[in-house]
Amino acid sequence: MGDNVDRVLAQWRAEKPGLDATPMGVIGRVQRAARLLERELSEQFATHGLQLGEFDILATLLRSGPPYRLTAGALSEASMISSGAMTNRLNRLVAKELVTRETDPDNRRSLLITLTPEGHRTVEAALLGHLATESRLLTPLDEDKQQQLAGLLRELLTGLGDVPRRPE
């Protein structure tokens, strides 16, 4: 039994027999998997009143450790999003009283984003559901295949330049 990408590839073979559409199989599956996974994760985060990007910010602050505070720039870099998108997410989180935003007293051009106690409770609760959802989503693959897939995706991502930046 095939997937939807197999159907697309069969259509390309029929329409353009000389075309090597092999890359479409890999990229198409990665993109489709990302969309399907994001939809499921978004539904889970909604049960906590969060959007996926909001959880990403809260989780980044949580895993940074006490005092659960980072600059807006560090958050933006960790999330790989534009400053405009970061501003929108932060505005929503501030309005929900899940984070505070204040000027860094050591650098007046920088903002400090801090997880509030309510933000801490919210992200802790969402994290448990998030991990359970991720485990459920990966059940089609046994543990060995999950490790193999993680390794292959790591190799692809590092090859595309997605490597941790060295601290400045």
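Helix packing and an aromatic pair

Guide: α3 and α4 are roughly perpendicular to each other. This is a predicted model, in which local features need pLDDT of at least 70, side-chain atom pairs count only at pLDDT 80 or more, and totals for chains, interfaces and linings use all residues. Residues are numbered from 1 along each chain as its sequence is written, and side-chain values use heavy atoms, leaving out hydrogens and water.

Visitor: Why are α3 and α4 called roughly perpendicular?

Guide: Helix α3 (residues 52–63) and helix α4 (residues 72–79) pack at an angle of about 115 degrees, with their axes 10 Å apart. Angles of 65 to 115 degrees count as roughly perpendicular (under 35 is roughly parallel, over 145 roughly antiparallel, and the rest oblique), and α3 and α4 are therefore given that name.

Visitor: What makes Thr60 buried?

Guide: Thr60, which lies in helix α3, has a relative accessible area of 4%. Buried means under 20%, whereas exposed means over 50% and partly exposed lies in between (1.4 Å probe, protein chains only), so Thr60 counts as buried. Thr60 touches Leu70, Leu75 and Ala78, not counting residues up to four places away in sequence, where contact means heavy atoms within 4.5 Å.

Visitor: Why is the aromatic pair of Phe45 and Phe55 called stacked?

Guide: The rings of Phe45 and Phe55 lie 4.3 Å centre to centre, with 20 degrees between the planes. Rings of Phe, Tyr and Trp (its six-membered ring) pair if their centres lie within 6.5 Å, and planes under 30 degrees apart count as stacked, over 60 as edge-to-face and the rest as tilted, so the Phe45 and Phe55 pair is stacked.

Methods. Axes fitted to C-alpha atoms, helices over the stretch in contact; angles between N-to-C directions. Helix = DSSP H or I, 4+ residues; strand = E, 2+ residues; numbered from the N terminus.
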